[in-house]
Amino acid sequence: MRIMSRNDLLLFLGFTVVVLAMPIWLHPFGAAYPDLLQRFMIFGIFAVGFNILFGLTGYLSFGHAAFFGVGSYAAVWSFKLLSLDAIPAMIFAVVVSGVFALVIGFVSLRRSGIYFSILTLAFAQMSYNLAYSVLTPITNGETGLQLNLNDPRYLDTTMGIPTAGQPVPTLLGQSLGGFAGFYFCAGFLILAFFIAMRITNSPFGMMLKGIKSNQTRMNYTGFNTKPYTLAAFVISGMYAGLAGALLAVTDPLAGAERMQWTASGEVVLMTILGGAGTLVGPVIGAWLIKYFENIFSAINETILHRFFDVLPDGLDNALVAITSKFVGEGWFLTLGLVFVLIVVFLPGGIMEGVRRIAHLFDRKPKGRPGKAAPQPQPAE
Amino acid sequence: MTNPNVVLHVADVHKRFGGLHALADIDLQVEEGQTHAIIGPNGAGKSTLLNVIIGKLAPTSGQVVFDGTILTGRKPYQINQLGIARVFQTPEIFADLSVLHNVMIPALAKRDGAFRLNMLRGLDSETGILRESEDMLEDVGMFASREMAAGSLSRGDKRRMELAMCLIQHPRLLLLDEPTAGMSRHDTNTTIELLKKIKSRGMTKVIIEHDMHVVFSLADKISVLAQGRIIADGTPDQVRGNPKVQEAYLGGTH
């Protein structure tokens with residue numbers, strides 16, 4: 001039995017190389033520092049998982065940040081109660097967010113379309129508000145959940161692992177700061193991508209596509225679509241939990257703002273920007289949004305003034321006044337504009353753009369068969 | 001049931017929509033292996049009857065029995081798993097997927113049942129299902145378009161593919177809701193040929209049809225529905241000669 005087709009294997013290997021080499025090829029873009037690279041990995045995982053529900057199954061959840069947040073909290077609690085090692089935290093976070101997704105999915109999936117979206121949004125906002133109010137003992141409210149020197153860490157204590165100084169997450173005793181943290185997250189992104197690829201190309205994945213395409217036909221074809229959609233929901237919830245846990249590994253402070261609806265909306269944008277339903281699209285969408293968020297939010301009026309310096313004074317001031325609305329705090333305005341443009345002109349996202357360009361180049365040689373082949377390849 | 005050959009029995013079914021008596025006192029017996037046509041003027045309740053059989057609508061009273069199992073109250077997917085497949089008036093297909101995948105999905109439903117978390121195997125290692133699907137497409141003359149998106153097919157081809165999607169499940173009972181509605185003469189004729197071809201497989205069929213040409217060239221038995229009641233029942237010749245039918249439906253044109 002073949003594990004993968006040739007094309008899939010190439011795609012997977014290519015993806016792996018691109019991810020692992022990120023510190024090198026992102027260097028010219030000024031993005032090759034660990035903190036940003038870690039975020040690329042984390043939100044890549046989030047988007048890949050979201051795509052299983054939205055891109056494959058056709059269910060648009062507006063509350064996936066809730067699972068992301070639950071993953072973060074679960075991971076930090078694991079650091080506090082069990083061990084500073086990252087592995088138990090990851091497992092714990094994925095299990096907890098999976099159970100959470102099972103409950104929310106069970107209720108939300110009683111409806112489809114816009115009602116499903118509204119239900120997920122309502123649940124996520126409910127979780128967000130609970131985290132700030134009733135659940136303060138678990139979430140530590142506005143301060144956020146942090147690691148403490150005198151956390152119990154039962155597993156570590158029984159195994160006699162001492163903690164020196166400020167507690168930080170580790171992997172088998174190794175610190176996970178900097179590039180180690182990046183490669184740790186990268187490993188999970190590659191794993192997450194591999195699993196998503198297997199799901200997409202499996203009979204189960206085809207059923208999900210069938211549900212997206214025509215649920216009525218699925219029912220009359222003999223499928224009970226409920227458990228399929230629930231499975232897709234739970235899987236994508238676990239992906240979100242995994243991503244949330246990784247964020248807690250790289251920065252062990254969990255706050256409720258991670259569950260806010262803007263965070264849920266962001267993953268929707270990532271998936272659509274890259275291309276919903278494609279494998280690499282959501283990852284590219286996540287990377288682009290995180291990259292430009294990083295750049296645009298850092299720009300302020302002083303930088304803009306320096307940029308428009310060559311222009312006459314009046315024009316300079318006018319341009320700065322306009323553009324400053326789109327940078328810094330106004331980054332979301334830019335994001336919104338880009339999103340509108342994408343949905344209107346390129347509804348299939350960046351992947352559709354790539355396909356269109358590839359098609360353009362593809363047609364030319366096919367139009368004149370026989371001409372491309374006999375040309376001798378220049379020696380190198 | 002007195003007749004042991006009866007596979008589908010619609011027993012004393014009534015269906016009311018508010019004040020409208022859409023189906024009244026329907027008693028219909030379909031014998032194994034036969035093609036049973038249900039005809040009648042517009043609004044006679046043909047589609048309602050089909051929807052009651054397939055579980056889309058619940059009858060107000062009465063029940064539908066398929067091979068000793070009561071269908072009433074079951075969900076469409078459960079009814080399909082009992083061996084009943086349906087072709088819709090407007091083809092219900094997976095428009096975004098390839099023709100081949102459209103046929104593979106029902107084949108997997110037949111093999112794996114209503115739910116199976118089958119995500120470790122790759123689709124291309126399902127060689128059995130793949131071969132079966134390709135053979136099926138060959139059978140209905142659509143092998144050449146197997147890689148095409150189903151949504152881009154012509155209406156006639158969509159119908160043909162939908163038939164293939166039903167046939168690959170080897171259903172015991174096939175329900176056809178106006179299989180030639182909105183088709184050109186040419187597409188209608190190819191569909192009739194295809195239906196005649198599968199007739200030899202001994203599958204029971206219930207067909208709702210407007211087109212008398214289609215009905216008289218396919219049916220073994222015909223039930224005539226008018227205003228929610230069955231007004232005549234019998235072989236094509238019996239029905240054709242029935243004065244009540246002439247009056248209600250055929251209008252003397254035949």
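Biologist: How many bridges join strand 1 of chain B to strand 2 of chain B?
Modeller: Eight, and the two strands run antiparallel. Strand 1 covers residues 6-17. Two strands count as paired if DSSP finds at least two bridges between them. Strands are DSSP runs (E, at least two residues), helices are H or I runs of at least four, and both are numbered from the N terminus.

Biologist: What stands opposite B:Val10?
Modeller: B:Leu28, in strand 2 of chain B.

Biologist: What order do the strands take in that open sheet of chain B?
Modeller: The order is 2-1-4-5, four strands with antiparallel pairing. Strand 2 (20-31) and strand 5 (69-70) are the edges, each pairing on one side only.

Biologist: Predicted or experimental? And what are the ground rules?
Modeller: This is a predicted model: local features need pLDDT of at least 70, side-chain atom pairs count only at pLDDT 80 or more, and totals for chains, interfaces and linings use all residues. Residues are numbered from 1 along each chain as written, chains are lettered from A and ligands numbered from 1 in the order written, and side-chain values use heavy atoms, without hydrogens and water.

Biologist: Salt bridges next. How many over all chains?
Modeller: The search finds 16. The criterion is a side-chain nitrogen of Lys or Arg within 4 Å of a carboxyl oxygen of Asp or Glu.

Biologist: Which residue does A:Glu352 meet?
Modeller: A:Arg356, at 2.5 Å, N to O. Both lie in helix 18 (residues 349-367) of chain A, four residues apart, about one turn.

Biologist: Is A:Glu352 buried or exposed?
Modeller: A:Glu352 counts as buried because its relative accessibility is 17%. The cut-offs are under 20% relative accessible area for buried, over 50% for exposed, and partly exposed in between (1.4 Å probe, protein chains only). A:Arg356 has 44%, so this residue is partly exposed.

Biologist: Which pair links distant parts of chain B?
Modeller: B:Glu32 and B:Arg172, with a salt bridge of 3.3 Å, N to O. They are 140 residues apart. B:Glu32 sits in the loop between strand 2 and strand 3 (35-39), B:Arg172 in the loop between helix 5 (155-167) and strand 7 (173-177).

Biologist: And what about B:Arg159?
Modeller: B:Arg159 forms a salt bridge with B:Glu162, the closest N and O atoms being 2.7 Å apart. Both residues are buried.
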